Amino acid sequence: MSSPPQSPDSKDEESRHLLTTQLPPSTSPLINGDADNAANGKEEEEFAYGSGEKIHVVDFESVPIDGVDYSTVPPFSWKKLWQFTGPGFLMSIAFLDPGNLEGDLQAGAIAGYSLLWLLLWATVMGLMIQLLSARIGVTTGRHLAELCREEYPKWAGVLLWFMAELALIGADIQEVIGSAIAIKILSRGVIPLWGGVLITASDCFLLLVLENYGIRKLEAVFAVLISTMALSFAWMFGDAKPSGKELLAGLLIPKLSSRTVRQAVGVVGCVIMPHNVFLHSALVQSREIDLKKKGQVQEALNYYSIESSFALLVSFMINLFVTTVFAKGFYGSEKASSLGLVNAGEFLQDKYGGGLFPILYIWGIGLLAAGQSSTITGTYAGQFIMGGFLDLRLKKWLRALITRSCAILPTIVVALIFNRSESSLDVLNEWLNVLQSIQIPFALIPLLTLVSKEDLMGTFKIGPTLERVAWTVAVLVMVINGYLLLDFFISEVNGLLFAFLVCAGTAGYIAFILYLISHGGGNVVNWFNLLRKKGYSYAGQ
């Protein structure tokens with residue numbers, strides 16, 4: 001029996017749907033063995049955002065119009081910039097999580113204003129990495145976890161997923177405990193740490209509620225949280241009245257002493273968060289972009305670059321406020337070396353007093369906003385990481401519940417075990433920083449490998465100069481974090497068995513990193529081979 005003829009409107013709607021969801025040939029799911037599913041009428045692929053969830057950008061036509069050149073970029077539009085504003089601010093939350101705030105306050109208390117220049121350039125390096133993440137998401141229509149699943153053998157993909165999950169759990173524990181500390185401060189100690197952890201766990205359900213109202217509502221909530229942080233820490237900055245001359249000198253004059261190396265490493269190490277690299281490549285897909293129109297893709301990249309840069313400028317200012325407040329109040333004091341998230345509020349209260357609104361509670365409000373926003377983005381990132389690497393096709397509420405449970409259960413255990421003293425929480429924080437530092441290569445190397453591939457990126461692949469700069473930044477970040485790991489293990493590793501396990505793990509870790517680099521091919525491997533040949537020639541002389 002023949003089907004009734006379709007109306008012109010229904011045909012237009014069908015063609016619009018096909019155009020807005022079509023992928024470049026190199027990323028088509030049919031290439032990767034899903035032809036059977038497509039033939040059976042099943043869902044070919046799970047996008048980061050469904051077609052009904054994406055935001056339609058003004059003047060982005062879904063159906064081609066005769067006479068319009070889609071290979072050129074239209075003039076700048078403030079209205080379009082506003083429509084693209086959002087993903088960069090969600091990404092910037094990772095630069096403001098409780099772990100970063102603790103690094104800021106310790107850098108200020110121990111190094112004073114001398115590391116502000118490093119904070120600035122670390123933020124610039126972080127921006128470059130995040131723009132590459134956005135580039136790969138916009139250009140391919142896929143996020144990094146999905147692309148890794150297709151690029152690497154199954155064993156390597158599973159290992160990359162495991163590493164990403166470890167990094168996410170480590171970050172989440174810091175974020176949830178940061179929120180719990182803030183709740184304890186604001187409740188005047190009535191709610192214990194483990195109680196704050198349970199309250200913070202509810203953000204999973206808050207995320208689900210917000211998602212039902214659309215991506216713009218979710219972005220608006222994060223705008224409120226970031227504004228709360230900015231106002232809280234700016235208020236503290238105003239109360240502390242730090243020296244403008246010393247602040248400017250700290251920004252413009254590079255200084256580094258042997259006494260502040262560890263804090264310097266912490267400042268740089270906190271900038272690159274592995275889960276954030278995966279997250280940003282998915283967030284940028286929340287806007288409707290026709291991947292076949294080069295001008296439209298380039299325009300989207302331009303607007304995302306502007307809004308991401310502004311978002312990280314805001315995050316830099318917030319980090320600057322925190323660092324300078326503690327530099328003014330505690331640099332050179334006996335309390336400097338013992339400062340942490342747990343006791344920072346009390347020390348601030350003792351130093352700056354009550355006033356109209358006690359600084360202890362201003363700190364608590366800012367810390368709570370940082371913790372809550374970062375735990376929600378952690379849940380969001382967890383969905384993309386698990387769904388992308390494992391190709392899970394679960395309902396959003398179930399996937400969010402699974403990813404939240406993976407992090408919240410270890411956090412509750414940790415809160416109960418380490419809630420005995422401030423020093424135990426400091427030890428925990430050091431271990432968590434090490435855990436996240438170990439995972440950084442497993443986000444950066446796949447990103448730089450994929451964004452350099454012409455068959456994946458087409459004309460939007462990065463050029464040789466940018467590729468060298470990006471790899472230089474990546475190697476610099478990995479070396480700095482390697483120093484942190486070496487310093488930590490030298491001080492913490494005791495016993496022959498433990499030392500043997502660490503050495504064996506390190507050998508496997510380095511072998512996997514070398515495999516990822518060699519798998520990528522391209523200029524980086526050519527440079528590596530050239531260096532190796534030069535080394536052989538020098539050895540033979």
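**Close-up views of a predicted model**

View A. Because Arg 216 and Glu 219 stand three residues apart in helix α11 (residues 215–240), about one helical turn separates them. In this predicted model, the two residues form a salt bridge in which the closest N and O atoms are 2.9 Å apart.

View B. A search of the whole structure finds nine salt bridges, and one of them joins the side chains of Lys 453 and Glu 151, with a distance of 2.9 Å from N to O. The two partners are 302 residues apart, Lys 453 being in the loop between α20 (441–451) and α21 (454–457) and Glu 151 in helix α7 (residues 144–151).

**View C. The packing of helices α15 and α16.** Helix α15 (residues 294–330) packs with helix α16 (residues 341–352) at an angle of about 55°, and their axes are 11 Å apart; the two helices are therefore oblique to each other. Their crossing is left-handed. On the α15 side, the residues in contact are Val 325, Phe 326, Lys 328, Gly 329 and Phe 330, which meet Ala 344, Phe 347, Leu 348, Lys 351 and Tyr 352 of α16.

View D. Trp 431, Leu 497, Phe 498, Phe 500 and Leu 501 make up a nonpolar surface patch of about 540 Å². Helix α23 (residues 496–520) gives the most to this patch, contributing four residues, and Leu 501 is among the residues that lie in helix α23.

Notes. Residues are numbered from 1 along each chain as its sequence is written. This is a predicted model: local features need pLDDT of at least 70, side-chain atom pairs count only at pLDDT 80 or more; totals for chains, interfaces and linings use all residues. Side-chain values use heavy atoms; hydrogens and water are left out. Patches are made of residues with over 30% relative accessible area and no salt bridge: like charges are joined within 9 Å, nonpolar side chains (Val, Leu, Ile, Met, Phe, Trp, Tyr) within 5 Å. Accessible areas come from the Shrake-Rupley method with a 1.4 Å probe; for residues, only the protein chains shown count as cover. A salt bridge is a side-chain nitrogen of Lys or Arg within 4 Å of a carboxyl oxygen of Asp or Glu. Axes are lines fitted to C-alpha atoms, for helices over the stretch in contact, and angles run from 0 to 180 degrees between N-to-C directions. Angles under 35 degrees count as roughly parallel, over 145 as roughly antiparallel, 65 to 115 as roughly perpendicular and the rest as oblique. A crossing is left-handed if the near helix is turned anticlockwise from the far one by less than a right angle, and right-handed if clockwise. Contact means heavy atoms within 4.5 Å.
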